[in-house]
Amino acid sequence: IAVSRSRFFGNSTINADGGDDEDGGAIHVSGEGHSSISSSLFRENSSDDSGGALYLDGCESAEISGSTFTDNEAGDSGGAVNNRCQDEYSVIEVTRNVFVGNLAYSYGGAMDNDASDGATANYRSNTFLRNTVLRDPLDGERPGEGGAVWVYSGRFSKNTFRSNRSEGCGGAVYVSTTDFNTLKSGHNKRSEEHTSELQSRVDI
């Protein structure tokens, strides 16, 4: 799929039958291939499950660039974006985007990047502002990790994290493994946990 110069306002998925497939409030992509999202706006979209605006599942590669995600909400993970591209050779590039005021309950206030099994996630020159992840109100065991980003493994360069919030660990970023993680040349500042224990925190 290729999406460019598009706008998505107030779209939603609703859990009407108690199932668990209500992912991707605006867009749900499933299957192999390449996905490209560029120069687009996603505002006030919501999902009862994961990916308040965008849900990617099983893709070989994906690029999200030059887009803005504002006030999207997910009932589970990835307030704006949830990425499940988990093939060993999958690559996702997240470049020059703005994530503002997105909300999730469990993982990744703005983005949950559960790219495991050797997949690569690269974050470059993005801005994450006032994103929030809270504990799942229906399941106290789900901790609320990664105020802006929850990632299995990734590389971060020249990103700005400001005033993001987590009820659990990682006010800005929660990293689930130590494989191939780098944080460099960026402005990773003023991201706060809900408990205000640290001004900026990255868990590895």
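Ser39 is partly exposed, with a relative accessible area of 42% (buried is under 20%, exposed over 50% and partly exposed in between, using a 1.4 Å probe and protein chains only). This is a predicted model, so local features need pLDDT of at least 70 and side-chain atom pairs count only at pLDDT 80 or more, while totals for chains, interfaces and linings use all residues. Residues are numbered from 1 along each chain as its sequence is written, and side-chain values use heavy atoms, with hydrogens and water left out.

Back to Ser39: this residue sits in the loop between strand S5 (34-38) and S6 (strands are DSSP runs of E with at least two residues, helices are runs of H or I with at least four, and both are numbered from the N terminus). Its phi is near 50°, a positive value in a residue other than glycine. Most residues other than glycine have a negative phi. Glu44 is found in the loop between S6 and strand S7 (46-47), and at 52% relative accessibility it counts as exposed.

Next come the aromatic rings. Searching the whole structure turns up nine aromatic pairs (rings of Phe, Tyr and Trp, the last by its six-membered ring, pair if their centres lie within 6.5 Å; planes under 30 degrees apart are stacked, over 60 edge-to-face and the rest tilted). In one of them, Phe8 and Phe42 have ring centres 4.7 Å apart and planes at 5°, so the pair is stacked. Phe8 belongs to strand S2 (residues 7-9) and Phe42 to strand S6 (residues 41-43), which puts the partners 34 residues apart. Phe8 is buried at 17% relative accessibility, and Phe42 is buried at 0%. Trp150 and Tyr174 are also stacked, since their ring centres lie 6.1 Å apart with planes at 15°. One aromatic cluster takes in Phe8 and Phe42 along with Phe69, Phe99, Tyr123, Phe128, Phe156 and Phe161.

As for strand pairing (at least two DSSP bridges between two strands), S8 (residues 54-57) and S12 (residues 81-84) run parallel and are joined by four bridges. Here Leu54 stands opposite Val81 in S12. S12 also pairs with strand S16 (residues 111-113), again in the parallel sense, over three bridges, and Asn83 has Asn113 as its bridge partner in S16.

The whole structure holds two salt bridges (a side-chain nitrogen of Lys or Arg within 4 Å of a carboxyl oxygen of Asp or Glu). Arg84 and Asp112 form one, with the closest N and O atoms 3.5 Å apart. This bridge spans S12 and S16, its partners being 28 residues apart, and Asp112 is buried at 2% relative accessibility. In the other, Glu93 meets Arg124 at 2.6 Å, N to O. Glu93 lies in strand S13 (residues 91-95) and Arg124 in strand S17, so the pair ties together parts 31 residues apart in sequence. Glu93 is partly exposed at 22%, as is Arg124 at 37%.

Finally, Asn126 lies in the loop between strand S17 (120-124) and strand S18 (127-129), yet counts as buried at 1% relative accessibility. Leaving aside neighbours within four places in sequence, Asn126 is in contact with residues including Val94, Arg96, Phe99 and Lys158 (contact means heavy atoms within 4.5 Å).
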